[in-house]
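Please look at the sequence and the 3D structure below before reading on. The report then goes through the chains one part at a time.

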Amino acid sequence: MQTSAVEAERGTSLWRDAWRRLRRNRMAVVSGSFLLLLGVVTLLAPVLPGMSDPELQNLELGATSPSFAHPFGTDILGRDLLARVAHGGRISILVGLVATLVSFAVGVGYGAAAGYFGGRVDNWMMRFVDVLYSLPYMFLVILLMVYFSRSIVMLFVALGLVQWLTMARIVRGQVLSIKQNEYVEAARSMGTGHFAIIFRHVVPNTLGPIIVYATLTVPAVMLQEAFLSFLGLGVQPPQASWGTLVNDGARVIAFFPWLSLFPGLALALTLFCLNFLGDGLRDALDPHLRHD
Amino acid sequence: MQNPLFGNDTMGTVMQATADETGGIRVLEVEDLHTIFDTEDGVVRAVDGLSFVLRQGRTLGLVGESGSGKSVANLSILRLVPQPPGRIVSGRIRFGGMDLLALPESKMRAIRGKRISMIFQDPMTSLNPYLRVGRQLTEVLEQHERMGRSAARARAIDMLARVGIPEPAVRFDGYPHEMSGGMRQRVMIAMALLCKPEILIADEPTTALDVTVQAQILDLMRDLRQEYGTAVVLITHDLGIVAGTADEVAVMYAGRIVEQAPTAELFANPRHPYTLALLRSLPRLTGERDRLVPIPGRPPRLIDPASGCPFVPRCAHAQDVCRREYPAGRNVGPAHDVHCWVDVTG
């Protein structure tokens with residue numbers, strides 16, 4: 001292992017190693033850059049010229065195909081589609097991120113506890129997960145959305161609550177193998193408490209697979225949100241997500257195809273990029289490939 | 001650390017008086033320890049009536065084949081036996097006026113790493129690859145000494161220097177994978193000694209290292225033992241290491257100590273057939289060259305052991321009584337005890 005003097009000074013962490021490998025993966029870099037750009041544009045949409053108001057109507061204009069003034073065209077009410085896609089992206093990405101964070105927080109804690117304590121605790125905790133798993137989850141989400149208010153917060157909760165199950169399983173599996181490591185026993189022999197061992201010694205070692213799974217959860221959640229919105233159970237008007245935009249456009253797809261095309265394209269591209277990035281991260285973080 | 005209950009005051013029985021010819025304050029007394037594992041095939045009696053005494057500043061070599069229970073015995077002392085499937089069923093471990101087996105887990109945690117610490121076999125895997133070396137050291141100090149960051153850092157770097165790590169301040173910020181096996185074992189030793197423990201348990205500390213590095217590590221442990229007055233339990237299967245390092249040797253077989261004596265005495269005058277067989281299976285550099293004699297058979301299954309001495313199937317001197325009953329300890333020399341019905345001499 002050759003390290004330059006400068007690098008050796010602070011030590012090459014495994015994270016830095018992974019970052020170096022990720023940068024060499026062209027697809028991942030392109031995807032990451034695209035996502036970054038998308039993130040900036042959607043984040044700044046309210047202050048960017050031309051897309052600040054997605055609800056500005058121009059009834060006289062009506063639906064027009066893409067033009068110089070309206071790159072993505074306009075919808076039936078004459079609203080600029082680019083602005084609507086940008087603002088819809090805010091909702092879609094927010095749902096994806098927040099629901100993933102919810103599943104991350106719940107799943108990692110739950111799975112790590114189950115795996116670390118093992119035995120009967122683990123058995124009960126995982127049977128509970130199995131029971132939830134066996135429920136038709138989309139049905140569950142739809143039920144939640146119908147029963148409670150169809151607010152965006154409810155959407156976060158509903159999607160996150162479903163996603164944490166897989167996360168918990170993954171983390172538990174990882175923890176089961178990692179807790180066999182001698183450094184965990186060494187930490188115990190030094191009098192370190194359970195909490196510190198779980199969160200300082202065990203969980204950081206599972207972060208690789210967790211991050212990979214999280215990057216793959218974001219697109220899955222976004223897709224589910226689009227699906228729910230398509231069914232009219234997701235984001236409610238006047239708010240719009242990519243899913244509702246596609247839905248709106250689908251009704252008039254024979255006349256104004258661009259109304260579905262652009263938000264659909266935005267969604268598809270984002271999902272592609274997240275998956276590529278997830279793949280790249282998996283390759284970069286996989287310890288078995290760490291032989292260069 | 002003077003122990004009012006079990007310290008120096010051991011003039012009571014003859015047995016203890018003899019044992020005390022080796023002198024020294026008793027820091028740890030293990031009495032009739034039984035540790036079992038519940039497995040699908042039955043109950044494995046990994047430690048089956050183990051007793052020994054550890055004295056301040058001394059090194060006790062615990063020798064035995066794989067599966068003789070030496071590691072489990074020491075995990076039991078720190079109550080680190082994985083539970084389930086493991087279970088300490090009976091016995092007493094006296095330390096600092098307490099019975100470690102009766103302590104609540106929180107008190108036990110305060111002892112681990114502070115008053116009794118442990119070094120493991122494989123230095124390549126005993127350090128967390130994701131944490132900087134220094135963080136793993138300061139963690140121990142924050143835990144036990146309530147030290148601030150910078151004080152802990154200074155103490156840890158000082159400790160790294162003491163165990164012979166060059167450029168300790170640089171290594172402090174490095175990661176384990178940048179170090180060789182010998183260096184990592186030095187780090188482990190530094191970590192174990194950070195809080196100046198009374199007892200250091202070293203579980204095959206040099207098995208995973210090159211022979212040259214082995215010698216360095218053993219030297220280091222000897223120096224530090226003298227400097228800190230730490231008592232050491234050295235677990236090993238290598239009689240060579242014991243000969244050069246330990247003051248006393250206890251030979252383990254099937255979860256029990258079969259023979260115990262000061263090191264020189266044990267090598268000069270082994271009295272248990274198993275010890276004899278072990279010594280005969282060792283190559284020597286001096287004297288006549290005999291053929292090495294391997295010990296026939298295999299270590300016994302520890303599931304449902306037959307009554308009597310577990311060494312019987314492999315023993316050349318076995319008699320009827322050996323199959324019936326396990327022999328009590330016999331004193332055969334100064335501080336030399338053996339558990340055998342037969343009077344064997346090398």
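## The model and chain A

This is a predicted model. The chain has 292 residues, and 43% of them count as buried. Among the contacts in chain A with a separation of 6 or more, 68% are between residues 24 or more positions apart.

G173(A) and V252(A) are separated by 79 residues in sequence, and their C-alpha atoms are 48 Å apart in space. G173(A) belongs to helix α7 (residues 152–178) of chain A. Is G173(A) buried or partly exposed? It has 14 other C-beta atoms within 10 Å, so G173(A) is partly exposed.

## Helix α4 of chain A

Helix α4 of chain A covers residues 81–117, which is 37 residues. From its first C-alpha to its last it reaches 53 Å, close to the 54 Å expected at 1.5 Å a residue. Because 27 of the 37 residues of α4(A) are buried, the helix is largely enclosed by the rest of the structure.

After α4(A) comes G118(A), which has a positive phi, near 60°.

## Where chain A meets chain B

How many residues does each chain bring to the contact? Chain A gives 21 residues and chain B gives 29 residues. On the side of chain A that touches chain B, α1 (5–10), α8 (182–189) and α9 (194–230) each supply at least two residues. The most comes from α8(A), with six residues. By class, this side of chain A has five nonpolar, eleven polar and five charged residues.

## The largest nonpolar core

The largest nonpolar core has 157 residues, and A190(B) and V233(B) touch the most other members. Helix α4(A) provides the largest share of this core, 15 residues. The core also draws at least three residues from each of two domains of chain B, domain 1 (14–115 + 195–338) and domain 2 (124–194).

Which residues does A190(B) touch, leaving out those up to four places away in sequence? They are L137(B), M159(B), L160(B) and V163(B).

## The two domains of chain B

The domain assignment divides chain B into domain 1, made of 14–115 + 195–338, and domain 2, made of 124–194. Their centres, taken over C-alpha atoms, are separated by 29 Å. The contact between these domains takes 16 residues from domain 1 and 14 residues from domain 2.

On the side of domain 1 of chain B that touches domain 2, helix α8 (residues 211–228) of chain B gives the largest share, seven residues. This side of domain 1 has twelve nonpolar, two polar and two charged residues.

## A sheet in chain B

In chain B, four strands form an open sheet in the order β2-β1-β4-β5, with antiparallel pairing. The edge strands are β2 (42–55) and β5 (98–99) of chain B, each of which pairs on one side only.

Inside this order, strand β1 (residues 26–39) of chain B is joined to β4(B) by eight bridges, and the two strands run antiparallel. One residue pair can be named here: the bridge partner of E29(B) in β4(B) is R94(B).

## Two residues with positive phi in chain B

Most residues other than glycine have a negative phi. R79(B) has a phi near 55°, a positive value in a residue other than glycine. R79(B) is in the loop between α2 (70–77) and β4 (86–95) of chain B. With 18 other C-beta atoms within 10 Å, R79(B) is partly exposed.

K196(B) is not a glycine either, and its phi is positive, about 50°. The loop that holds K196(B) runs between α7 (181–193) and β7 (199–203) of chain B. K196(B) has 13 C-beta neighbours inside 10 Å, so it counts as partly exposed. A residue counts as exposed at 12 or fewer such neighbours and as buried at 20 or more.

Definitions and conventions: Residues numbered from 1 in each chain as written. Chains lettered and ligands numbered in written order. Predicted model: local features only at pLDDT ≥ 70, side-chain atom pairs only at ≥ 80, totals over all residues. Contact = placed C-beta atoms within 7 Å. Expected span 1.5 Å × (residues − 1). Nonpolar A, V, L, I, M, F, W, Y, C, P; charged D, E, K, R; others polar. Core = buried A, V, L, I, M, F, W, Y, C linked by C-beta atoms within 7 Å. Domains from an automatic or database assignment. Pairing = 2+ DSSP bridges.
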